[in-house]
Amino acid sequence: MNTATQEMVKDSGIRSKVEKGIGKWFGSSKSLRYDQDGIQAIFEKTDIPAFIVRDEDGRIGVADRIGTDDKSDLVTAELLATLPAYAPEQLGNAGFKETYGLKYNYMTGAMANGIGSADLVIAGSKAGILASFGAGGMVLSRVEEGIKKIQAAVGNGAYAVNLIHSPAEEALERNAAELFMKMGVTIVEASAFMDLTPHIVRYRASGLSRNGDGSVAIKHRVISKISRVEIAEKFLRPAPDSILNILVADNKITAEQAELAKLVPMADDITVEADSGGHTDRRSLVCLLPAIIALRNSIQSEMGYANEVRVGAGGGIGTPESLLATFAMGAAFAVTGSINQATRESGSSDHVRKVLAQADSADVMMAPAADMFELGVKLQVLKKGTLFGLRAQKLYDAYVEYDGIEDIPVKERESLEKTVFKDSLENIWAGCVSFFEERDPEQLVRAKDNPKRKMALVFRWYLGLSSAWANGGEAGREMDYQIWCGPAMGAFNYWVKGSRLESWENRYVADVARELLNGGAYLFRLQYLEIYGIHLDPKYKEVKVR
């Protein structure tokens, strides 16, 4: 091989350990590329096959078709490998797409307080992905308004609504479940559940009936988001008799529905939640996902369900590499969260979008959660550009140390009023009374003659409103913004740096989804070549935003 040929081989960035090809390739010279840009363009056409060839000079090139009608332009070469088409639609389990009528096995998880907005859900549905409306933490009137808007826009398109477990405010969970049933919501994303409750069981069982062939028809689909094996098992098994019997006795479901509920699992799908924003156990996906899949397989073998529960995954997905890794581990579908909060359709403010678009993977921390404050439950938030995490932790420390507001030392109390609440604690309590009288009067009953409970409600005032301030872009409260965020946000920002998606103004939920899916399919094809001894220059593996 002469020096010129060696240089051309080097420039192609492709090396082969294949000593002998699998046959001959013939086609037009115009379809055969030896330059890196041309080769990468062929690889990026994931919906068509590609052909890796070696000519008589030893040069390795790539063609996007075989054969030609122009015999004067006919060339032949040794065929080293055929790269099959692998479109983004092929990633994941086809059953997930078929069940919900989707184009992709991709879902945007619910972000509470309407961050997973109606506009975001509508955009996702129209793009062929399953998007979840962030109903958690919203008053019912706003939830109903959002659902009506979604239903009017998507028609028969699929959408999900979040049902969040609310142990501190049980009425919220009950009222939300009843609203969903009343409005004909057929897909619920159940999150933060620590155990099965009558409300999620009622939603599931009330949608069961018999098909003409005797099989169970499921009207109310449940996608359960979990991060613990013991919770996963509860959703992988049928609803317990103890809850079903009470629901029948209270005329919430029929006796037949209770019997049918014993034949199907509580969930159609499970999302294994790893290191996500908001409520999270910050689990390792590579450890947790295989464990849940193994548990699913064991219970499926035991129960023999007509349709096995599909297991998807979310938390930490912000790049094509992480998306592909999730599918490679066996996930049926992938769920993104943090990265969608920075899109134009989310229910966040422009200030939040801007801060998120500048975040790095290390710019996150854990902070006390408003809805499970007394239990010490934490959630993951952005720490860059806000002091919420530090201030929220200060409130929790005070809650643990003191028995009531009156027990807080004067200087510490004055500091909290000045830097955190920006008002007297007496005025904050008066606001809490007005709020809970309308939303959940039971909370005030529980706080009567209970100073520690009263203190918890006052502290939760700050924790709850800090998210609303962030979503609404409340001026003067920027340092108190509670911005739910996981490390995936920083990974996404690093990937899109220098592209049109670097600016938050250009980020739209469907576009972000397509870029990730296209990139995942592209990388899958490259891995296919590596398996067959075709080694590529690392530059080919740099997924570019189209």
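Helices (H or I, at least four residues) and strands (E, at least two) are DSSP runs, numbered from the N terminus. I'm working on a predicted model, where local features need pLDDT of at least 70, side-chain atom pairs count only at pLDDT 80 or more, and totals for chains, interfaces and linings use all residues. Residues are numbered from 1 along each chain as its sequence is written, and side-chain values use heavy atoms, with hydrogens and water left out.

**Entry: positive phi**

I looked up Asp 449 and found it in the loop between helix H18 (442–447) and helix H19 (451–472). Its phi is positive, about 60°, although Asp 449 is not a glycine. Most residues other than glycine have a negative phi. Buried or exposed? Asp 449 is exposed, at 74% relative accessible area (buried is under 20%, exposed over 50%, partly exposed in between; 1.4 Å probe, protein chains only).

Then I checked Asn 113, which also isn't a glycine and has a positive phi of about 60°. Asn 113 sits in the loop between strand S7 (106–108) and helix H4 (118–126). With 19% relative accessibility, Asn 113 counts as buried.

**Entry: strand S19**

Next I went to S19, residues 378–382, and noted that four of its five residues are buried. Which strands pair with S19 (pairing takes at least two DSSP bridges between two strands)? I found S18 (residues 364–368) running antiparallel to S19, joined by five bridges, with Pro 368 opposite Lys 378. S15 (residues 278–279) is joined to S19 by two bridges, also antiparallel, and there Gly 278 stands opposite Gln 380.

Note on methods. Pairing = 2+ DSSP bridges.
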